[in-house]
Amino acid sequence: GLLNKEAADITFATLAWSDAVVWNPAGEFHPKGNSDQCLRLLLLARMVQKLGQQLSIVNHSLEATDPLINQLIAHVYKDAQFVSVREQGSYDAAMTLGIPAPIVHIIPDLVFLAALPEYRRAATAPFSIKSGSIVLSINGLEAERGGDGWDLMLAKLSKMNAPITFLSNSMNDDIPFAREFKQKFDIDVPEVQLGYLQMLEAYRDASVVISSRLHASILALNAGVPVVSIEPQQFKLTAIFEQLQYPFATERMGEPGWAERVVANTAAALEKRDEVVAEGGKALDRQVGRILEGYAPMLGMLA
């Protein structure tokens, strides 16, 4: 039941035909990930290896908590030619799993490449957010850990006399949580899933983005908007913003006073907006440089 037969036939033929496979599992291996999905992906990766092809595993975070899945990750990853993870926490997890250190590399998330002109094209969003909006991009699937802090945060943000909009890069998952905000507070919730270029365009009119979603945070930075980040799970956003050397540390939801600190960081971002945007631009340049340098060995192997 992991793959239907038609999909399996096509998949196996493609793997057998290839010389090398570059696999981007992204965020699938997180604490609440679907174990069957993880197993299916790891099975396909192992097939690549048994067929004698090169396997590079790139651009993800190792946050799985299922002991069996972690055993399988270790079994598959140890025989890969190249493994890149997005932050230090995942590197530490890889070492704990016994994955050989020489093949594991910390390289920033590939979405940072949206800063390069070749990945920027004109795009029109199907709606416009109100100019100067405070935008919320919250992972609704992980938000329960924030408890009553969300109500406190929204009540305080509502007093800042700025429009508030909920817009994430995964609206399909976050809409139920966003509707709760809409019922209690005067916020806009466009119920539409945007592509990344449309997200860039939509974010340009924001004054600040409060985000617990990694890719929304990166796209907001690329749109020239300050970001106040909230950790949704274990370490991912915290580590990414440490990489960036960003002016505001990531707040961990559920810790005492987290909502008040998010509001304080939002006020500081609005007050020092030009300075924060400039720091964000420098950080983006550094991340792009790290990506290009970090993937050079893998590209050399594929050549």
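In this predicted model, S84 has H105 in strand 4 as its bridge partner. That pair belongs to the contact between strand 3, residues 82-85, and strand 4, where three bridges join two strands that run parallel. Both strands sit in an open sheet of four, put together in the order 1-2-3-4 with parallel pairing. At its edges are strand 1 (20-23) and strand 4 (104-106), each of which pairs on one side only. Going from one strand to the next, the sheet twists by 15° on average. Helix 4, made of residues 88-96, packs on this sheet and touches strand 2 (54-60), strand 3 and strand 4. The direction of helix 4 makes about 165° with that of strand 4.

For strand 6, the pairing with strand 5 (residues 133-137) is parallel and built from three bridges. Within this pairing, V135 is found opposite T165 of strand 6.

Helix 6 provides the largest share, with four residues. The lining is made up of G140, A143, E144, G147, D148, W150, D151, F177, E180, F181, K184 and F185. Sorted by class, five of these lining residues are nonpolar, five are charged and two are polar.

The last piece of the picture is a pair of helices. Two packed helices can be described by the angle between their axes and by how far apart those axes are. For helix 8 (residues 214-222) and helix 9 (residues 236-244), the axes come within 10 Å and cross at roughly 25°. Angles under 35 degrees count as roughly parallel, and helix 8 and helix 9 are therefore roughly parallel to each other. On the helix 8 side, the residues that meet helix 9 are L214, S217 and L221. Their counterparts in helix 9 are K236, L237, I240, F241 and L244. Taken by class, this contact between helix 8 and helix 9 has six nonpolar residues, along with one polar and one charged.

Technical notes: Residues numbered from 1 in each chain as written. Predicted model: local features only at pLDDT ≥ 70, side-chain atom pairs only at ≥ 80, totals over all residues. Heavy atoms only, no water. 1 Å grid on protein atoms, 1.4 Å probe; cavity = no way out; pocket = protein on both sides within 12 Å on 5 of 7 lines; lining within 4 Å. Nonpolar A, V, L, I, M, F, W, Y, C, P; charged D, E, K, R; others polar. Axes fitted to C-alpha atoms, helices over the stretch in contact; angles between N-to-C directions. Parallel < 35°, antiparallel > 145°, perpendicular 65-115°, else oblique. Contact = heavy atoms within 4.5 Å. Pairing = 2+ DSSP bridges.
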